[in-house]
Amino acid sequence: MKIAVDAMGGDNAPFSNIEGAIAALSPDGIGPVARKEKIEIILVGEKDMLKKELAKRGASALPLQIKDASQAIDMDESPLEAYRNKPNSSIAEGIKMLKSGEADGFVSAGNSGAVMATSVMELDKLKGVARPAIASVFPTLKESCVIVDVGANAECKPKHLYQFALMGEAYIRYVFKRRIPRVALLSMGHEEGKGNALTKAAYKLLMKSDINFIGNIEGSDIVKGTADVVVCDGFVGNVVLKFGESLAMSILSLLKQEVKKSFVRRIGAGIMKGSFRDVKKNINYEETGGAPLLGIDGSCIICHGISTPKAVKNAVNALAEYIVQDVNKHIEESLA
């Protein structure tokens, strides 16, 4: 299995991407699926610079290749303009490798809009898909859930939400091994008549579907673990995701501040250190690696812009699992 990694994408590029790729191939970092598939990684970026950085890290013996890309897309660039004006960017070259079959998957912590736009332009959508969507894993008090969409589509029609539900259901069923996933529509109340015109119409479509649709849920139900798949438009999903990430990190920071206020609290914190570590792990974006772009004829994971080497490593392993489980085939079957 060959996975292309955008070496130039993200706030910490290229170092996080290079070190994440190396970690994904190390004995301690490689996941069971990646190990079984004998994974190879192709770093996409400025060839000479990447060669130099890999030599510094003594990575010449690892199954790492380099694909030259003379341009890089900034995080604040317009996605469509970047696609038109930078045909040799690391994002464009990586997605072209998917199209040609040179790579089986693509990981990028770069401009998510550019990844989305380039994927739509260069790759076909899966049969029956009206719009691709980004699915993000979100921690809950029970098992993690998946929120679809979290930013690819700011404005949607009811049929788009309906398809997001089907795609998210296929993803969590096969990657997370949930036999009968619970699918819910994010709204402002549990009752069928609550919400705006979009959610009301989408509710009716989902009620007629064959999936395990449990109806509307409110924002507070997400963290309770009420549903396995939470469906919403990309505007709402992106706000929920970023608020959730910020809130989780803020709570941890507040705990640290309070612990430092007395000697007794510091002793108590020392006793609870293992519990705090486990909580931090459960809410840390690095553990999931990134969010798959569902609905394109290719396997692609979009990472957080601030991704660390650990996040990139986990994104590579998550993508290997996505590919092996053939999620795209199951999405097409579900839509058919």
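Analyst: Strands of a sheet pair through backbone hydrogen bonds, either parallel or antiparallel. In this predicted model, 11 strands form an open sheet with mixed pairing, in the order β3-β2-β1-β4-β11-β10-β5-β6-β9-β7-β8. The strands β3 and β8 (213-217) stand at the edges with a single partner strand each, so one side of each lacks a neighbour in the sheet. From one strand to the next, the twist averages 25°.

User: Which helix packs on the sheet, and which strands does the helix touch?

Analyst: Helix α13 (residues 309-324) does so, touching β1 (2-6), β2, β4, β10 and β11. The direction of α13 makes about 155° with that of β4.

User: How many bridges join β4 to β11, and do these strands run parallel or antiparallel?

Analyst: Strand β4 (residues 105-108) is joined to β11 by three bridges, and the two run parallel. Serine 108 has isoleucine 302 of β11 as its bridge partner.

User: How many bridges join β10 to β11, and is that pair parallel or antiparallel?

Analyst: Strand β10 (residues 290-294) and β11 are joined by three bridges and run antiparallel. Here alanine 291 has isoleucine 302 as its bridge partner in β11. The hairpin of β10 and β11 has five residues between the strands, and glycine 295 in this hairpin takes a positive phi near 105°.

User: Are the residues on the two faces of β11 buried or exposed?

Analyst: A residue is called buried when its relative accessible area is under 20%. In β11 (residues 300-303), both faces are covered: Cys300 and Ile302 on one side, and Ile301 and Cys303 on the other, are all buried.

User: How should I read a helix in the same manner? Which residues of α3 are buried?

Analyst: In helix α3 (residues 47-56), the buried residues are Met49, Leu50, Glu53 and Leu54. They lie on the same side of α3 because they cover an arc of only 130° around the axis. The face turned away from that buried side carries the exposed residues Asp48, Lys52, Ala55 and Lys56.

User: What covers the buried residues of α3?

Analyst: The cover includes α1 (15-25), β2 (40-45) and β3 (64-68). Just after α3, glycine 58 takes a positive phi of about 60°.

User: Where else does the sheet show a parallel pair?

Analyst: Strands β7 (residues 183-186) and β9 (residues 229-231) pair in the parallel sense over three bridges. Within this pair, alanine 184 stands opposite valine 230 in β9.

Terms used: Residues are numbered from 1 along each chain as its sequence is written. This is a predicted model: local features need pLDDT of at least 70, side-chain atom pairs count only at pLDDT 80 or more; totals for chains, interfaces and linings use all residues. Side-chain values use heavy atoms; hydrogens and water are left out. Buried means under 20% relative accessible area, exposed over 50%, partly exposed in between (1.4 Å probe, protein chains only). Helices (H or I, at least four residues) and strands (E, at least two) are DSSP runs, numbered from the N terminus. Two strands pair if DSSP finds at least two bridges between them. The arc is that of the directions from the helix axis to the C-beta atoms. Contact means heavy atoms within 4.5 Å. Axes are lines fitted to C-alpha atoms, for helices over the stretch in contact, and angles run from 0 to 180 degrees between N-to-C directions.
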